Amino acid sequence: MPEGPELHLASRFVNEACRGLVFGGCVEKSPISRNPEVPFESSAYCISSSARGKELRLTLSPLPGAQPPRGPLALVFRFGMSGSFQLAAQDALPAHAHLRFYTAPPGPRLALCFVDIRRFGRWDLGGEWQPGRGPCVLLEYERFRENVLRNLADKVFDQPICEALLDQRFFNGIGNYLRAEILYRLRIPPFEKARKVLEALQQRRPSPELTLSQKIRAKLRNPDLLELCHSVPKEVVQLGGKGYGPESGEEDFAAFRAWLRCYGMPGMSSLRDRRGRTIWFQGDPGPLAPKGGKSHKKKSKGARQGPEHRMEDPLLPSTAPSRTRGARRGPPEQSKAQQPEGTSLQQDPEVPPVPKKGKRRRRPATSGGPCSACCSGERRLCRRGRGGSAGHRRPRRIKADTPSLENEGMAAS
């Protein structure tokens, strides 16, 4: 799932790709998308972008003299599980391009496309950031830190720290891989109580005798959790490219994978939190770990793994065949407390569980003899026997008279 750094890298990509381009015409939406239509038309306009936490704002600004005369329009995107922006030729549009902005003639026509394979991404008209989201961990660090420490009485901090880190009211931009990397660097058990971890930061004050440069060096050597919520996403942005995900390119993905220390790495353990998200860690999970939760440890590629220890790599796309009726599988069963809840700022939307379906069983083959269920030694065989005359059918069973629903109601009355 794209997290704060990916949204910022996507915003940077849009600004660089659209610099100098003039767009024109209507905005085209895929007919299968459930998102709203974009009522914008202009003969000439430019596109710019900005990001905040896990949201990206796209601004369409008409150029002077463009027809019809109108003001700018802004859209706010949330990428869901697989959203991204791509610039492509009009005659080679990528699959799953659910919103398209075309360049104006003359010259070869291009399209800036919002691509979303899994269709969990959303866009809203108006350009307002989603209400309730906290300050961005990347761009508004001082406000972010103050917002967390001022609200430690909130009940979300009664939860394990790994779950509190996903609450976008306080940690806007932090997601699954970032929380694992941050907690791993500080050796904090993921299921330690969040308030216990964060209350210690309220008492942390640098010595007034230190100079500014000494204070900065001390922070770099011994950062606390909130400082890492700012610096770790910043490291991902500095990697460049489009961020996390194989679709961002082999070189980008290789750099990202080399940067990871904990998330999906060999030797690390994993557990599912109460909302069904997998948290990677090393060592003791902490006192609030789910009861009955089985910790899995990822082995290195060279180690021989049995079926009970094989785990899907969270960083690589699945190579399994397409989900046909016979091959569809549901997720592991979870208790009621572990099942993901509805979409909210406390938890980003997850993939809905795939319902389990039983395998179709073929009817067992029968011999040419009488069918024991209905023929009982008769010379003529029914269709199940496959050996009788073509006109023979299975004898109908005479059912007892059963009252209809109307008769049952009348009888009851």
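Are phenylalanine 85 and phenylalanine 114 buried or exposed? Phenylalanine 85 is buried, and phenylalanine 114 is too; buried means under 20% relative accessible area, exposed over 50%, and partly exposed in between, using a 1.4 Å probe on protein chains only. Before we go on, this is a predicted model, where local features need pLDDT of at least 70 and side-chain atom pairs count only at pLDDT 80 or more, while totals for chains, interfaces and linings use all residues. Residues are numbered from 1 along each chain as its sequence is written, and side-chain values use heavy atoms, leaving out hydrogens and water.

Now for the rings. Rings of Phe, Tyr and Trp (its six-membered ring) pair if their centres lie within 6.5 Å, with planes under 30 degrees apart called stacked, over 60 edge-to-face and the rest tilted. That rule gives 17 aromatic pairs. In one of them, phenylalanine 85 and phenylalanine 114 have ring centres 5.4 Å apart and planes at 55°, so the pair is tilted. Phenylalanine 85 lies in strand β6 (residues 83-89) and phenylalanine 114 in strand β8 (residues 110-116), so the pair ties together parts 29 residues apart in sequence. Strands here are DSSP runs of E, at least two residues long, and helices are runs of H or I, at least four, numbered from the N terminus.

Phenylalanine 114 also forms an edge-to-face pair with tryptophan 123, at 6.0 Å centre to centre and 90° between the planes. Tryptophan 123 is buried, with a relative accessible area of 1%. Ring pairs link Phe77, Phe79, Phe85, Phe114 and Trp123 into a cluster.
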